[in-house]
Amino acid sequence: VSSEGVVLGVNSAKQLFGRVGITVANPIGTKWVFIPNPGFKHVSAGKTGIWAINAADYIFFNDVLAPSWARVGGKLRELDVSPSDAVWGVNSGHSIYIRLGKDWQKVTGKLKHVSVGNSGVWGVNRFDRIYFREGVTTSNLAGTTWTLISGLLKQIDSGPAGIVWGVNRADDVFCRIGITNQNHKGTGWRYICGKRKYISCGSYGCWGLNPSNDIWFRHGVTAASCEGTNWIRIPGKLMQVEITSDGKVYGVNSRRTMFVRLGITPNNPTGTGWKVVISPPFKHVSAGDSAIWGLDLADNIYYFTGLEFPEENYAILLTDNFRKGGIGKISVRNPVSGVKYSLTTASSIVEINSSTGQLTLLVNADQQHRSEVNNSRFEIKANFGSEVRTVAVVIYVLPLYHGDPLALPAMTVVKKGLQTSQYIALNYGPAAEISPELLDRSLKQMSPDDPAFQLSVTQTRVERAIDLVKSIIILAFEKDYGRGAVLGFFHNQQLFSTATITKLDRESDCHETVKHIDCPQNAKYRRSDGRCSNLNFPLAGAAGTPYIRLLPAKYYDVDGLNDPIGYPNQPNAPSMPSPFKVSRDLIRDEIASSAARSLTPAVMQFGQFLDHDLDLSAGGEGSTACLSIRCDGSPADFQPPCYPILPLANNEPPCMRFVRSAAMCQLEGFPMEREQINDVTGVIDGNNVYGSSEETTRSLRVLQNDVGLMRVSQMNGADLLPEDPDTTTCIEGCFKAGDIRANEQQGLTSFHTLFLREHNRIARTLKRLNAHWNGETVFQETRKIVGAIIQKIVYEDYLPIILGPDALPSYAGHNSNINPSISNAFAAAAYRFGHSTIRSKFDLLDKNYEEVAPAMKLRFMFFNNTVTKTIGVEPVLFGLVGNVSEKVDTVLSKEITEHLFERGNQHGENLAALNLQRSRDHGLPGYNEFRRYCGLSNARTFEDTRNEIRDANNRAILRNLYNDDPNFVELWMAGLAEVPFPGATVGPTLRCVIREQFQRSRDGDCFFYENQGVFSPDQVLEIKKTSLSRLYCDNVNGIVSIQRNAFKSAVHEVRPSCQQIPGISLCQWKGALPLFLQAIVKGYT
């Protein structure tokens, strides 16, 4: 019995038991609990641990009073744990299993031994034949098939990337050569001197056992030189040894006692000594990065559930003058509710949160306190019931500008690396090989000749160079403390001097963005790039410029300038739920009761088309590396521009390798807050039809025998978008349009086709009316009219549905003091409300609005132009006005939450999770800050949102997800949960942000169609006659009738014929004189 009241005992069978339920009120406790152990005959419990003697009089000590091992169903002869804690095993009948969730799944084939690591899954069968498992990914952990590899081995080990070792029946040792990123199986075997019966490889080298159970360590093993340099004898004897990816060594001896090797670091890869791990009598052990598993003599399976700090000791690095506040969290590996943390001795330097292990620096590491903080040492104690663990921590304060000597060499390395990885060619090969992540990436791909491309590249270079410097500093300390044992928190202004940051910016090739351009007064036509849309703000709304902010950005790096929540080393970040968890708990599947029966799916489709006219957050460059990250939460997962959404338990759903949006580079000394780039023009100008650069516009035109037309392809005599032979992401081929997202799904492709046809219809009419006009004049006049038609539809037909009638004040003319640029909150959150209105299926109807083919699930329409190439765009277009829409709410179709961009057997992406991650990526403040911005009440709890979020169940879910703090829930998510504003489709907060944007887009754009001088008054009257319904009548083949407002449902109504639908008369453009001449002529008539 310990002084703390812990009661332990052993029975005649040498089984160890602990008494539970002991309290002051009940000193005899409630029951005995078995504690796995090597077979003790005598035990004694002290204040800091347990001492014991086994049958052979060996002495044991462990600082865990009651270590916990949990028994798992099933039996296995051998098992191995991957770095991400996936468990593979084989039973006595040589059947193969993988643990998925709480169940064992049988894998085809027969093996006597299996190994899983960063070099893949390998195995050998009872005939010593070697096999490699193909198709193992984060979304398919079980893989697809076994491939036979030449050679014979009795045991094999898959170690760090590029390292595979094995031994044969003669105990000869071999390593696999020729393993590359393109050839995971390698090309051959290389003999290594020495006799070993068992081998295992980790970060710092390979460990082996000879036939006499002696322990050996192989030094110098790398992927480039797999054989290493020399063997080093390690004291002790083991029957089996296993190494984790981060270098930890576990083993069992002939008496079935489990050991762990202490003191392993890069500088001392062989460690300092062995420590007993209290466990059942294991014959075999294996460990991943956060889980330890074992097998006993009866093939029973166990995993460790007790307390354990991931590292033996820790170092915390701070820059000079580091401000008091959070300095990271140190907690046990398997956190369970109820673990309590404390410092073993009182400290005036740090304190610890007893529930989380979060450390807080109590003083500034400045001139007054630097000597106190630097080299300060303390111990953290974790306590759970009778279990106690301690770990030592030391704080180091780096000298001022410690990173200066490393900065420019780091930039050289980064520039060299990005030269080969910054651009993903859109020709990905056969469509069947294309992943959802690549399809998503293709929607945000900037061309190398895009002006924003270089801005993004240079920003990524600076980010990576700074990150590389920080990594170099941390790695230097890890050589003494071990990988993962060093936490670094660096303020850039103390890590680098201003001169060094300026040099980094210049070396990154960041060029000063144009701050002023001369815009012609009274220009007749818009520029393709959107510049000069406002003479006071010449770059406002231009492609390749930053979004503007309604509220200050909220990032969580120590400087608060760049990193979104979830990045490593964020000592002051709040706890936020995974986007997957929010989607799982709050988003419900689309059901019939969610229908908005007064509206058509054309509301959704026009909304997406319009969104692509206003904003595009292109992906950050260098993203090729993001496709191959491990998704284990390690710092390597977050190398710029990577920002993965990590899987929940049991890899479900699988990791989404999210790429951060491209950001502006800065030449103002130390970086300001990260600002994302809008890669398209931010004014309503039809750039999705025509492009956001002169080069794109010209590539879409028919320039030979130019009469102002745009290029087309044809199918059965009907005009379609021109084909794009250079892009092979689409089934049945891709089309080309002014926006790279035109092929995303066939409804969007159909709308692009509609407006392309409208351009060519108007151009032909203008040419007939004005035979003297050249092709350039016809094209520019037509482009101007089409842009005006889009503006009219937006402000008079579409927005009254979304915002309610009279949401915007009457147009009072252009205001040159208003910046029309797109706000970050609009692009990354508020205008994504339309995702809630997406139906699971797209109807395919004929001119009588009757089904011509079964409705098509959306998952089969992504990047799939089969319907368009087979029966044209008409069935899709009729379907978009022939049925009802979905409401704006928290009900979303599984087609976008589980099957987004799905291809073959690959798991689709989750658009709800992507939206949440994008909000975080862009540093958007939480919902409550936007409530206050919009004049709503301050919400301290979710109950305070009851007037807007009226569903009590939704409020309860949000309360649980976000710790009852509306300041943290994303604007998009909470906005969907609001009830619609009276007469509107969206709730008050989303309505406020959307309304603000469209008012600025109208009033700040000097080319808005109603602005005096853009069109003549008679031309404006003609433009106001047009509608989406009229566009259908003029451009949809075979159309007979349509409702007057294509956005309003007419499922049970008689639709008027097209002759009854008003339209624009282009006679007002016949022989049109410049407006200033028209005024002169009118003065004489």
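**Basis**

This is a predicted model: local features need pLDDT of at least 70, side-chain atom pairs count only at pLDDT 80 or more, and totals for chains, interfaces and linings use all residues. Residues are numbered from 1 along each chain as its sequence is written, and side-chain values use heavy atoms, with hydrogens and water left out.

**Domains**

The domain assignment gives domain 1 (40-304), domain 2 (340-371), domain 3 (403-419 + 439-508), domain 4 (545-619 + 661-1004), domain 5 (620-655) and domain 6 (1017-1069). Such bounds come from an automatic or database domain assignment. The C-alpha centres of domain 3 and domain 6 lie 55 Å apart.

**Cores**

A nonpolar core is a set of buried Ala, Val, Leu, Ile, Met, Phe, Trp, Tyr and Cys residues joined through side-chain atoms within 4.5 Å. Buried means under 20% relative accessible area, exposed over 50%, and partly exposed in between (1.4 Å probe, protein chains only). The largest nonpolar core has 146 residues. Those with the most contacts inside it are F606, F755, Y798, F833, F998 and Y1032. Helix α12 (residues 775-803) gives the most to this core, with 15 residues. Helices (H or I, at least four residues) and strands (E, at least two) are DSSP runs, numbered from the N terminus.

What does F755 touch? Its partners are F606, F609, V689, V786, I790 and L1031, leaving out residues up to four places away in sequence. Contact here means heavy atoms within 4.5 Å. A second, separate core holds 30 residues, including F309, V350, V363 and V373. In soluble globular proteins, nonpolar side chains tend to be buried together.

**The largest cavity**

A search of the whole structure finds 10 cavities of 30 Å³ or more. On a 1 Å grid over the protein atoms alone, a cavity is a set of points where a 1.4 Å probe fits but cannot get out; lining residues have an atom within 4 Å of a point. Grid points are joined across faces, edges and corners, and a volume is the space filled by probe spheres set on the points.

The largest cavity holds about 680 Å³ of space. Its lining has 35 residues, of which Q608, D611, H612, E744 and H835 lie nearest the centre. By class, the lining has 18 nonpolar, nine polar and eight charged residues. For this count, Ala, Val, Leu, Ile, Met, Phe, Trp, Tyr, Cys and Pro are nonpolar, Asp, Glu, Lys and Arg are charged, and the others, Gly among them, are polar.

Helix α8 supplies the largest share of this lining, six residues. α8 (602-614) and α17 (911-921) each supply at least two. Domain 3 and domain 4 each give at least three residues to the lining.

**Helix α23**

Helix α23 (residues 1028-1035) is largely enclosed by the rest of the structure, because seven of its eight residues are buried. The buried ones are L1028, S1029, R1030, L1031, Y1032, C1033 and N1035. Their cover includes α8, α11 (746-769), α12 and α15 (874-881).

**Loop residues**

| Residue | Relative accessible area | State |
|---|---|---|
| A636 | 53% | exposed |
| Y401 | 35% | partly exposed |
| K14 | 33% | partly exposed |
| M664 | 10% | buried |
| G686 | 0% | buried |

The loop between α8 and β42 (677-678) holds A636. M664 also sits between α8 and β42. M664 and V457 are 207 residues apart in sequence and 9.3 Å apart in space, C-alpha to C-alpha. P641 lies in the loop between α8 and β42. The peptide bond from P640 to P641 is cis, with omega near 10 degrees.

G686 belongs to the loop between β42 and α9 (687-690). G686 touches D613 and I790, not counting residues up to four places away in sequence. Its C-alpha is 23 Å from that of I1061, 375 residues away along the chain.

Two non-glycine residues have positive phi. K14 has phi near 60 degrees and is in the loop between β1 (8-10) and β2 (16-20). Y401 has phi of about 60 degrees and lies between β37 (387-397) and α2 (404-418).

How values were computed: On a 1 Å grid over the protein atoms alone, a cavity is a set of points where a 1.4 Å probe fits but cannot get out, and a pocket is an open set with protein on both sides within 12 Å along at least five of seven lines; lining residues have an atom within 4 Å of a point.
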